[in-house]
Amino acid sequence: MRRVGVFVCWCGSNIAKTVDVKQVVAEAAKLPGVVYATDYRYMCSEPGQKMIQDAIKERHLDAVVVASCSPTLHETTFQNCIAGAGLNPYVFQMANIREQCSWVHSDHDLATVKALDQTAIAVAEAAKGKPLSRSQMPITRRALVLGGGIAGIQAALDIAETGHEVTLVERQPSIGGRMAQFDKTFPTMDCSACILTPKMVDAAKHPNITLMTWSEVEKVAGYVGNFEVTIRKRARSVNMEKCTGCGVCEEKCPTKVPSEFDAGMRERKAIFRPFPQAVPNVPVIDRENCRYFRGLAAAAESADGKPVKARCGVCAKVCPAEAVDYDQGDELMTEKFGAIVVATGCDLYDPSRMTEYGGGRFADVITGEQFERLVNVGGPTEGHIVRLSNHEEPKTVVFIQCVGSRDDTKGYPYCSKVCCMYTAKHATLVKEKLPECEVYVFYMDIRAAGKNYEEFVRRAQEELGVKYLRGRVSRIYPEGDKLRVKGADSLAGVAVEIDADLVVLATALRARDDVAQVARMLSIQTDQYGFFSEAHPKLRPVENLFAGIYLAGACQYPRDIPDTVAAASGAAAKVCALFSKPSILSEPLIAEVNAARCSGCLTCKSICPFDAIDSEVIKDRLTREERTVAKVNEAVCQGCGGCVAACRSAALNLRGYADEMILAGMEALCQR
Amino acid sequence: MSAVEEKVATSGAAARMEPRSSSPLQGEDQGEGERPGGQTLPRPLPERERSAPRVLAFLCRWCSYAGADLAGGGRLQYPTNVRVLRVPCSARVDPAFVLRAFRLGMDGVLVAGCHPGDCHYSKGNFYTRRRMAIFKPWLGYLGIDPRRFRLEWISASEGHRFAQVIREMAADLEELKRQGELPARPESVIASEGEESRIASPSTM
């Protein structure tokens, strides 16, 4: 039997006003196992803590119960206190007689009885509690960053700067991400490429950063500090060492494909770099569209066994460095990492669902992404704003905000956050390049919260004369060679019709299409829209609940560049904080298996939210036969206890919330 | 003095560690904190406190326990019928615990967790929801009125909801008691149970 000490706090008058503290002490002293009980005005204060420590030593206590406030407030305080007196901090329980008793009740007698009952539960649990220890686990001080957009680049650079190795995995042929597509950035209007490309080069040249473009992560196993990750390096078909990036192959390749980077407004070749400033500056062959590889595939399908001569092969012929290598295969590599930063970015809402806006049928109704390429000097029109139907300069441009955002019926209920600002930027760019052009913006609300954001929108409205109309557009249809935009100006209370030459839709940012696979691979959670969930929306915004996985950028929620960079640096700081520890302490309140009882049904394995349960083969002590039993991976288990309740043979138990503790608490209560 | 009384650190013992006379808060708290009879051994509790229906609440530590704390922070008053057991997740609650609580004489049992989709452990409360959906109708089969059991989702920001649930449960149980649907509190169950006895979980998932 443990020697339990009970310490009842007055909390000034917070508890003592409603609960008869003296009576709680007197009754607690009668509880089984209790060898000492006392009260004090402020148990958490220095003298109160000393009182507990002295009592532990003088009365040889080996379990402590403090009846005071919520454990959320002072559990750690008292655990540290009793650890200071040489007791294990886990043979400790708190009875919450403030938040859940004295503050919510006014009847003295009833509140005192309740406080007594809660104390009795705590005493019974403490008496059954076992000392727990945290084991130390090593850390692999290498980070993996998923996604080579601005978030991934920033996180990789920040981690690499502290001297740790980083592998940056990007599935496109080049890093750069969305930001590389942009022309200008709001609200400063500085050139996106001018601030991004130096960072891309820094990342590529950094001695601690390994770039893996045209690559994807296939499998993630392990846990914080010790992830084992399988990365597929897809065949580039170009030797990275030999290639000089001269671009002759791209010039001569005869196959043309719509360019993803230019939002389909220009064509690229089958051997390509997404853009001229690509990092690494080495093209890849898009095997699905390359004539040589299509020839090979067709030959394999014809299945008559004859060796088939591949048809094109021009790139290999013209390459002065002989870098083109059709025989390259995918490479699979497994590496160890201690932390993973997920910076996979977002996709855009597909406006073809908006049939009232043409659903993609009208050439002159374009998305914000397409407009971004249109005004970009590196884009298909070299920065000239033209109508895509006849390549003439538009005289009237209409922007429509919230296309797919704040729209429960056809889009998403959330605000995409960046559209107000980028529409103001687009409108400003139109006014700067075509001052005579009429520019209208249909908006629901202007959400310009950010440093210099409101001023930027006001400048577009007041100085540049962009006409902001508060209201929705109901329909767009062709009228002659123009587009008639029918909408409402809800502030003036009138219907509006505008004959526009060009309409730009500010489409919503949404989670990536393959987010479910990525989430499953990493065992991390998403919200109802598919954005990755943070550990706490306010206090742990860049961490995931799965320890060792950190989040940055628009994979979490629609974010603009400053927010993305801040989140990336935050995630990097968390990674570095993890790497600065000598080792990781495991969580002590976790599940454990009694192998003698385990039947090996592995129901626990199937329900564990964290994949923390594995199976192992043991030799049964009685039968001398080998059998399978469950095994808890102590580093991964988060201690929810779902498996314990699910175990049919009661072989699982949860340390710190053990069956015997809960049952003892219940019995102590019911005996009263 | 009996052995029991020796364990109690009397005011004198406490004074040895921290003399009361030196406490700056003496004047402030003495009147409120010290209740009549507090100096000597307290009077026995009146019988009426023992007769009210009691509810055992299993509260998940991340949402519902925090919600109950919030009710305290907001000083929301609710009946004293509830006793709280903190669990890491509502999924930790083995339906066998609920059965045991009824068997030991609890009048009502509340299991509360995060709202579906908000579980700290991502999907623990989904398991709770399934388990309890199967478990609750089964109570009637065992002769336990299913109205004595409730499963609720109470988030950390829903102090008022916690208070409301307790009020409702207390009223419901009083009503059941009036109707004679609550059995008398058993006297000998605990004595008949073995120390280490465990009920194998009836739940499979």
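Domain bounds here come from an automatic or database domain assignment. The model is predicted.

**Domains**

Chain A is divided into domain 1 (4–128), domain 2 (136–234 + 330–346 + 511–585), domain 3 (235–327), domain 4 (350–508) and domain 5 (591–655). The C-alpha centres of domain 3 of chain A and domain 5 of chain A are 52 Å apart.

**A four-stranded sheet**

Four strands of chain A make an open sheet in the order 2-1-3-4. Their pairing is parallel. Strand 2 (34–40) and strand 4 (92–96) of chain A are the edge strands, and each pairs on one side only. From one strand to the next, the twist averages 15°. Within chain A, strand 1 (residues 4–9) is joined to strand 3 (residues 63–68) by five bridges. V4(A) has A63(A), in strand 3 of chain A, as its bridge partner. Helix 5 (residues 108–128) of chain A lies across strand 1, strand 2, strand 3 and strand 4 of chain A. Helix 5 of chain A runs at about 160° to strand 3 of chain A.

**A five-stranded sheet**

Another open sheet of chain A has five strands in the order 10-7-6-18-29, paired in parallel. Strand 10 (209–212) and strand 29 (549–551) of chain A each have a single partner strand, so one side of each has no neighbour in the sheet. The twist averages 20° from one strand to the next. Strand 6 and strand 7 of chain A share five bridges. V145(A) stands opposite L168(A) in strand 7 of chain A.

**Strand pairs**

| Strands (chain A) | Sense | Bridges |
|---|---|---|
| Strand 1 (residues 4–9) and strand 3 (residues 63–68) | parallel | five |
| Strand 6 (residues 142–146) and strand 7 (residues 165–169) | parallel | five |
| Strand 32 (residues 613–619) and strand 33 (residues 626–632) | antiparallel | seven |

**A hairpin**

Strand 32 and strand 33 of chain A form a hairpin, with six residues between them. In the turn, R624(A) has a positive phi of about 65°. K619(A) stands opposite E626(A) in strand 33 of chain A.

**A helix pair**

In chain A, the axes of helix 12 (residues 419–433) and helix 13 (residues 453–462) come within 9 Å and cross at roughly 40°. This crossing of helix 12 and helix 13 of chain A is left-handed. Helix 12 of chain A contributes M421(A), A424(A), A427(A) and T428(A) to the contact. Helix 13 of chain A contributes Y453(A), F456(A), V457(A) and A460(A). By class, the contact has seven nonpolar residues, one polar residue and no charged residues.

Conventions: Residues are numbered from 1 along each chain as its sequence is written. Chains are lettered from A and ligands numbered from 1 in the order in which they are written. This is a predicted model: local features need pLDDT of at least 70, side-chain atom pairs count only at pLDDT 80 or more; totals for chains, interfaces and linings use all residues. Axes are lines fitted to C-alpha atoms, for helices over the stretch in contact, and angles run from 0 to 180 degrees between N-to-C directions. Helices (H or I, at least four residues) and strands (E, at least two) are DSSP runs, numbered from the N terminus. A crossing is left-handed if the near helix is turned anticlockwise from the far one by less than a right angle, and right-handed if clockwise. Two residues are in contact if their C-beta atoms, placed from the backbone, lie within 7 Å. Ala, Val, Leu, Ile, Met, Phe, Trp, Tyr, Cys and Pro count as nonpolar, Asp, Glu, Lys and Arg as charged, and the others, Gly among them, as polar. Two strands pair if DSSP finds at least two bridges between them.
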